[in-house]
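Here is a briefing on charged contacts and one surface patch. Please keep the sequence and the model side by side.

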Amino acid sequence: MRLILLLIFKKFNVKIYRLFGRMVLVTIICISLTYCSPKTTSINLPIDTPENFSVQGVTETPDKWWTVFEDEQLNSLIDSALQNNMDLQTTWYRLQESQAIIDRVSAEMYPSFDGSAQAEINNRQSEFQQSQRFRIGLYSEYEIDLWGRINSSVEAQQFRAAASFEDYQTAVISLSAEISRTWYNLVVATNQLQLAENQVETNEKTLSLIKIRFGSGQIRGVDILRQIQLLEATKEQKINAELNVKILENQLAVLVGKSPQEKPGYLLPPLPEPPALPDPGIPATLIQRRPDVRSAYNLLQAADREAAAAISNKYPRLTLSASISSGAYDIEDLFTDLGRGIAANLLAPVFRGGELNAEADRAEALKQQRLYQYGNVVLTAFREVEDALVQEQKQIQIIKSIQEQVELAAKTIEQLKTEYLNGMSNYLDVLTALDEEQQLRRDLLRAKLALIEYRIALYRALAGGLESQQNL
């Protein structure tokens, strides 16, 4: 390094080299000493990591977890959304912005070069009073990173860019989960609509039979009114189901980046049974796999580097500058006389009213915030996995209970109808049982949907990142 400086200074000005050579050598020695730069601190998770989750599965979670449902239409919808979803595109270009900032901050690590050119012509009344002057020059400046301030700033931005990439991965997972959830809500909403149509048809037939019996004087008129009321309630259920189908179709269209008016017709599959339970692994592995956790960790590292940079700002800065220029009254003589200059500038803060200390304290406080935010993200990840595992187990039990209730309700209706036809019970008992049986069938569809949603939540909680759908 000294030899390079010697050659440079000897070429331009030996005296200037002698004047600043020792200062530069002292600077180089400082750079070589590891204690010159503020050290970054080690990161310890502010929580205890449990050894295992409460439930263990049997299968691995693939990166494209939605493929386990073996639904080609769902696969196609998610593939389209990863290319066209507006929110995802916004997150992608936020990542591009952070990478451009890295390049901007990294530029401080290299010398800057500026060129200037000036031409001045003064015209006066007399031809002999006309004057002109030309000047051209180059100027270079370089700050020696004595205390690692620039390097810490660059590293901080690199960690922030890494966090932006993990945010993009998190957005991909969230989008795929939202599309899957909306898709199966649409499947169930369509089934609910079909069930409502069947129940309307059943209630209309029952009303016709009651009217016939009323004509023969076998029942009371109030029974007809009660059946009409049930029929209207079922029609209301049908209207709500139609509305829900339309709303979900609109939501799905926007999620895949299309206008609601462009939504295609779907060949909706039956609601699938959840595949074998995925193995959640161990919590320590989950921390490494989830992109939102990695994002929080990168933001913590960025805050740590920013704290180091803030401390470095309290120390002196050494800047080297060099210039070469030429001026002449005739453009042909512009390069005949070159002026050279080399300078070193040592700037040390003396009094800033506590500004630099306050900034260092602020950066340290931000680092502590990021630390506990990181811990909270980790805890939330653990909770989401545990919630999904427990919810799925309990939902399976709920579905079994509702299925048994449906079977019992169907048997009850048949028995009450027989008793009613034989004059052994009144129609209110039949009507109540019929209403309960129809409600239980709607509840069963919703319970099965909830089971699928809990499984989607489990996959989302366990999912890692995907390969980028864009070009970095």
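Which residue forms a salt bridge with D443? R446 does, with the closest N and O atoms 2.6 Å apart. A salt bridge here is a side-chain nitrogen of Lys or Arg within 4 Å of a carboxyl oxygen of Asp or Glu. The search of the whole structure finds 18 of them.

This is a predicted model, in which local features need pLDDT of at least 70, side-chain atom pairs count only at pLDDT 80 or more, and totals for chains, interfaces and linings use all residues. Residues are numbered from 1 along each chain as its sequence is written, and side-chain values use heavy atoms, with hydrogens and water left out.

**Pairs within one helix**

- R446 and D443 lie 3 residues apart in helix α10 (residues 427–462), so about one helical turn separates them. Helices are DSSP runs (H or I, at least four residues), as are strands (E, at least two), and both are numbered from the N terminus.
- R446 counts as partly exposed at 40% relative accessibility. D443 is also partly exposed, with a relative accessible area of 24%. The cut-offs are under 20% relative accessible area for buried, over 50% for exposed, and partly exposed in between (1.4 Å probe, protein chains only).
- R181 and E178 form a salt bridge at 3.0 Å, N to O. Both sit in helix α5 (residues 149–215), 3 residues apart, which is about one turn of the helix.
- R181 is partly exposed, with a relative accessible area of 30%. E178 is partly exposed at 30% relative accessibility.

**A link between distant parts of the chain**

- R290 pairs with E384 in a salt bridge whose closest N and O atoms are 2.9 Å apart. This pair links distant parts of the chain, 94 residues apart: R290 is in the loop between α7 (283–289) and α8 (291–312), and E384 is in helix α9 (residues 355–421).
- R290 is buried at 4% relative accessibility, whereas E384 is partly exposed at 23% relative accessible area.

**A nonpolar surface patch**

- I136, F335 and L338 make a nonpolar surface patch of about 270 Å². Patch residues have over 30% relative accessible area and no salt bridge; like charges are joined within 9 Å, and nonpolar side chains (Val, Leu, Ile, Met, Phe, Trp, Tyr) within 5 Å. Areas come from the Shrake-Rupley method with a 1.4 Å probe, and for residues only the protein chains shown count as cover.
- L338 belongs to strand β4 (residues 338–347). L338 is partly exposed, with a relative accessible area of 34%.
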